[in-house]
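Follow the model from its strands to its core and then to one of its pockets. The sequence and structure come next.

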Amino acid sequence: MTEQRQHTDQQTVRTQGREAVPEIAKVLRAIDTCMLATRGEDGEVHARPMSNNGQVEWDGSSWFFAPADGRLIAEIRRDAHTVAMYRAEDRFAWVSLSGAAEIVDDADAKRRNWLPELDRWFPGGPEDPSVALIRVDATAAQWWTDQGDGIADLA
């Protein structure tokens with residue numbers, strides 16, 4: 001996809017495709033927490049804070065751990081559509097990623113994405129069957145930074 005420019009009252013917004021992934025990754029690298037939103041059985045949107053696992057290089061997929069028997073996993077099983085909203089604490093930077101979530105049942109992937117600070121919430125470690133790994137593959141992104149705004153179709 002070629003880059004297009006969309007003019008707004010404030011500034012120019014760049015519209016891109018997958019070539020935007022490195023730029024988005026650079027913004028996400030310094031943001032540790034997002035609000036991950038899913039649709040509940042009641043049709044309402046539910047959001048909760050989740051660690052971005054900033055030590056993993058973002059390549060279009062975000063990885064999260066959650067209790068295997070929790071509401072988040074149940075909601076993803078019913079409806080895989082998600083939105084992850086990120087905001088930097090120390091600068092002007094926001095990212096919104098829409099995507100499709102999948103529960104990943106792969107012990108090696110759990111170990112690869114595990115960080116010691118997760119032991120606080122999941123003392124049984126990545127081998128504990130009550131710990132689920134979620135991969136969210138971004139299909140669309142929007143971001144707002146002091147360097148400019150952007151929109152990307154990542155599907």
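Which residues have the most contacts inside the largest nonpolar core? This is a predicted model, in which local features need pLDDT of at least 70, side-chain atom pairs count only at pLDDT 80 or more, and totals for chains, interfaces and linings use all residues. Residues are numbered from 1 along each chain as its sequence is written, and side-chain values use heavy atoms, with hydrogens and water left out.

The residues are I24, W58, Y86, L97 and I134, in a core of 31 residues. A nonpolar core is a set of buried Ala, Val, Leu, Ile, Met, Phe, Trp, Tyr and Cys residues joined through side-chain atoms within 4.5 Å; buried means under 20% relative accessible area with a 1.4 Å probe, protein chains only. Two or more residues of this core come from each of α1, β3 (33-39), β5 (61-67), α2 (71-78), β6 (81-87), β7 (93-104) and β8. β8 gives the largest share, 6 residues. Helices (H or I, at least four residues) and strands (E, at least two) are DSSP runs, numbered from the N terminus. Apart from this core lies another, of 10 residues, including W63, W114, L118 and F122.

Leaving aside neighbours within four places in sequence, Y86 is in contact (heavy atoms within 4.5 Å) with L28, I31, T33, C34, N52, S62, F64, A93, W94, V95 and L97.

The strands come next. Two strands pair if DSSP finds at least two bridges between them. β8 pairs in the antiparallel sense with β7 over 12 bridges, and E102 has R135 in β8 as its bridge partner. β8 also pairs with β5, antiparallel, over 7 bridges; here S61 stands opposite D137. With β9 (residues 148-153), β8 runs antiparallel and is joined by 6 bridges, and these two strands form a hairpin with 2 residues between them.

β3 is antiparallel to β4 (residues 45-51) over 7 bridges, and 4 bridges join β3 to β6, also antiparallel. A37 stands opposite A47 in β4 and opposite V83 in β6. The hairpin of β3 and β4 has 5 residues between the strands, and G43 there takes a positive phi near 90°.

Last, a pocket. The second largest pocket is lined by 12 residues, with E23, K26, V27, T145 and Q147 nearest its centre. α1 (21-28) and β8 (131-145) each supply at least two lining residues, and α1 gives the most, with 3. A pocket is an open set of points on a 1 Å grid over the protein atoms alone, where a 1.4 Å probe fits, with protein on both sides within 12 Å along at least five of seven lines; lining residues have an atom within 4 Å of a point.

Notes: Buried means under 20% relative accessible area, exposed over 50%, partly exposed in between (1.4 Å probe, protein chains only).
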